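Here's a walk through a two-chain model, written for someone who has the structure open alongside. Have a look at it first, then read on.

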Amino acid sequence: MKITMAHGSGGESTSRLIEEVFSKYFNNEYLSELSDSAVVPGAGRLAITTDSFVVTPVIFPGGDIGRLSVCGTVNDLLMSGAVPKYITCGCILEEGLDMEILDKVIASMAETAREAGVVVVTGDTKVVEKHSDVSGLIINTSGVGFIPEGIDAPGPSHLEDGDKIIVSGNLGDHHAAILGTRMGIENDIISDNAPLVEMTRKLMDNGLRVHAMRDVTRGGLGTVLNEFASASKCQIELSETDIPVSPSVKDFCGILGLNPIYMGNEGKMVISVHKDDAEKALLLIKESKYGENATVIGEVKKGKESADNINVIVRTKIGGKRVVGPMYGEGLPRIC
Amino acid sequence: MSNPALDKIIEELKNYDGREIRLMEVCGTHTAAISENGIPSMLSDKIKLISGPGCPVCVTVTAVIDTLIELSLTEKTCVLTFGDLIRVKGTDGSLADAKARGGNVRMVYSPMDSIKLAKDNPDTNFVFAAIGFETTTPVYALLIEEAEKLRLKNIKILTSLKTMPEVIRWVVKNAGNIDGFIAPGHVAAVTGGGIFNDLSKELGIPFVVSGFEGEQLLMTIYALLKMAGKGGYKNLYKSAVSEEGNLSAKEKVAKYFEVSDSSWRGMGKIPGSGMALKPEYRQFDAGSYGLDEDHEPAGCRCASVLVGAISPHECPLFGKKCTPDNAHGACMVSTEGSCYNYFISGR
């Protein structure tokens with residue numbers, strides 16, 4: 001069965017679509033009301049975020065747009081120190097979309113929401129006419145999370161001299177998986193799309209001095225660390241040989257002239273943590289789901305000598321030094 | 001580092017205190033690899049690395065870009081190009097600007113992709129922007145061979161193909177003051193190292209063929225330092241480069257292409273420095289002849305940067321008006337361009 005314009009009419013076909021696909025998977029007490037807005041319990045400091053997801057193909061090695069749309073929003077909440085609670089699901093469906101694909105994507109979205117501990121409380125669907133270059137399905141998710149009492153939300157301007165920089169795993173997997181599929185290159189690379197709930201909660205619950213925390217998505221590690229360095233007015237020095245990249249992604253990048261430092265990820269984060277808490281932080285991340293390849297990749301230098309030199313430096317494998325700027329231009333094809 | 005010989009080389013390169021030595025890399029991939037490995041930070045101030053005219057996008061003249069733009073705006077015509085070229089400015093904007101105005105421009109990863117497109121879309125005329133050096137020309141030869149075999153009438157190429165030896169002679173004669181050349185490994189893999197051996201004898205300047213790994217580039221620079229003033233030739237990339245080169249690739253090129261004059265950004269027309277389709281294959285040419293006109297955006301000094309006459313920092317636009325996000329000159333557009341590499345890696 002295919003999506004038709006009638007599925008977006010607001011009438012019976014729409015109700016049936018919601019019932020047969022969305023309510024089936026997202027079944028919960030808030031959504032079942034099917035009212036204009038979800039009324040949910042909550043208090044204190046809220047973190048709110050929204051993100052839209054467009055990716056071709058919608059189902060890719062290691063994931064799909066449904067899983068991606070939960071991970072992206074949940075990870076954004078986690079990075080603010082919040083515990084993600086509720087998310088919304090706005091779908092723009094293209095006429096002609098296969099019902100089977102929609103079913104698969106929404107089922108995966110529901111499963112990922114369960115894994116991340118969030119409830120899909122409200123949603124919306126619209127159907128648009130077929131456009132040749134669109135993937136058939138666009139999803140927007142907004143998310144709400146609660147920031148626990150006594151938690152200092154980490155921020156890019158909070159880096160301190162001597163902080164260690166830890167990345168939670170191999171870089172470039174999502175980007176390479178999507179690009180490889182689009183180009184028809186056969187390899188074993190799968191997307192890393194994952195909710196980083198366990199590792200971030202462990203860091204917060206153990207009271208570690210995490211000064212900054214960011215998921216490494218479009219723009220890559222280079223762009224995130226430049227934002228850190230410039231917001232905190234410091235220099236970050238990295239060791240190239242310590243930056244974790246899987247051998248398959250390394251080969252893939254070699255062939256296409258890509259740099260993993262600028263590639264997008266959907267299940268990786270980077271933190272700047274007080275040097276005395278770094279060892280513990282690394283251990284906690286490594287013990288967590290999706291954190292087994294976490295590595296300390298560099299440190300923060302803040303002081304007189306770096307005052308005029310606010311940037312990110314990498315020590316190369318042959319012992320040279322170069323600046324790592326933020327990503328410039330469009331970089332690479334859109335991947336999320 | 002656990003290689004004592006390499007450690008010694010690294011130490012000598014850092015502590016060199018003789019006369020100033022200027023070494024030119026004439027391959028854009030070398031420019032990128034040198035930046036990527038942070039090699040300039042490992043050299044004494046008295047060893048200067050200069051990027052030469054080896055980035056294909058950078059040396060392409062305005063007339064070629066303008067023609068491609070015109071073609072992209074022509075009915076039932078689609079221009080196919082590699083990524084970098086799409087952002088290079090012509091007289092009135094870039095191919096990317098033309099695309100936004102409704103021009104039909106598609107980025108592809110390999111010229112061979114165009115065969116499938118031409119087969120699947122018989123009503124569209126495809127024009128491939130065939131730019132590049134000796135390394136890329138064999139792929140265009142394969143493209144023409146395939147198009148000929150399949151009797152495809154809707155695929156053509158617009159050529160701006162360059163070769164190395166004549167432009168190296170031009171640089172030595174006109175820009176001068178080069179003590180040694182890091183010879184391009186990929187070009188040499190196709191042409192054979194022999195052409196650089198011949199050039200070293202003719203010009204009395206040392207040439208060392210190098211691969212792209214950091215260690216090998218350091219060894220190449222070290223070898224050139226020792227050979228400076230004396231001339232000579234070495235091939236340090238023997239795993240990929242033989243003296244005679246890739247004979248089957250050369251054969252394919254010779255079947256479809258012939259030596260031609262070619263216009264280079266900032267250097268004008270250099271006799272015998274290009275390749276063009278042979279007369280018997282001109283049905284595959286999209287109008288490549290006489291594309292010599294070239295003008296740079298106001299203030300842009302790409303032409304002087306390309307021949308090593310000035311360093312990117314000496315251009316008044318560098319890092320100010322001209323950045324990778326808003327590139328005025330071609331050298332800031334391409335990831336192999338010298339300005340882009342100097343800017344991105346803080347050289």
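## Chain B overall

Of the 347 residues in chain B, 55% are buried, where buried means 20 or more other C-beta atoms within 10 Å of the residue's own, exposed means 12 or fewer, partly exposed is in between, and C-beta atoms are placed from the backbone. This is a predicted model, so local features need pLDDT of at least 70 and side-chain atom pairs count only at pLDDT 80 or more, while totals for chains, interfaces and linings use all residues. Residues are numbered from 1 along each chain as its sequence is written, and chains are lettered from A and ligands numbered from 1 in the order in which they are written.

Chain B has 14 helices and 13 strands; these are DSSP runs numbered from the N terminus, with helices being H or I of at least four residues and strands being E of at least two. Its radius of gyration is 20 Å, close to the 20 Å from the globule rule for 347 residues, so chain B is as compact as a globular protein of that length. (The radius is taken over C-alpha atoms, and the rule is 2.2 Å times the number of residues to the power 0.38.) The C-alpha trace of chain B spans about 65 × 45 × 40 Å along its principal axes. Among the contacts in chain B with a separation of 6 or more, 76% link residues 24 or more positions apart; a contact means C-beta atoms, placed from the backbone, within 7 Å.

## Strand β8 of chain B

Strand β8 of chain B (residues 155-162) is mostly covered, with eight of its eight residues buried. Side chains in a regular strand alternate between the two faces of the sheet. In β8(B), one side carries B:Ile155, B:Ile157, B:Thr159 and B:Leu161, and the other carries B:Lys156, B:Leu158, B:Ser160 and B:Lys162, all of them buried.

What does β8(B) pair with? Strand β7 of chain B (residues 125-132) runs parallel to β8(B), over seven bridges, and pairing takes at least two DSSP bridges. B:Phe126 sits opposite B:Ile155 of β8(B). To get from β7(B) to β8(B), the chain goes through helix α6 of chain B (residues 137-149), in a right-handed β-α-β crossover; that is, with the strands pointing away from you, the path from the first strand over the helix to the second runs clockwise. Strand β13 of chain B (residues 268-277) is antiparallel to β8(B), joined by two bridges, and there B:Met275 in β13(B) faces B:Leu161.

## A look at B:Ala223

B:Ala223 belongs to helix α10 of chain B (residues 214-227). Why is B:Ala223 classed as partly exposed? Because 19 other C-beta atoms lie within 10 Å of B:Ala223. Setting aside neighbours within four places in sequence, B:Ala223 contacts B:Val208, B:Lys234 and B:Leu236.

## The domains of chain A

Over in chain A, the domain assignment gives domain 1 (5-146) and domain 2 (164-323), with bounds from an automatic or database assignment. The centres of these two domains of chain A, taken over C-alpha atoms, are 28 Å apart. In chain A, 22 residues of domain 1 are in contact with 20 residues of domain 2. On the domain 1 side, α2(A) gives the most, with ten residues.

## Where the chains meet

Between the chains, 13 residues of chain A are in contact with 19 residues of chain B. Strand β13 of chain A (residues 321-323) supplies the largest share of the chain A side, three residues.

How values were computed:
Contact = placed C-beta atoms within 7 Å.
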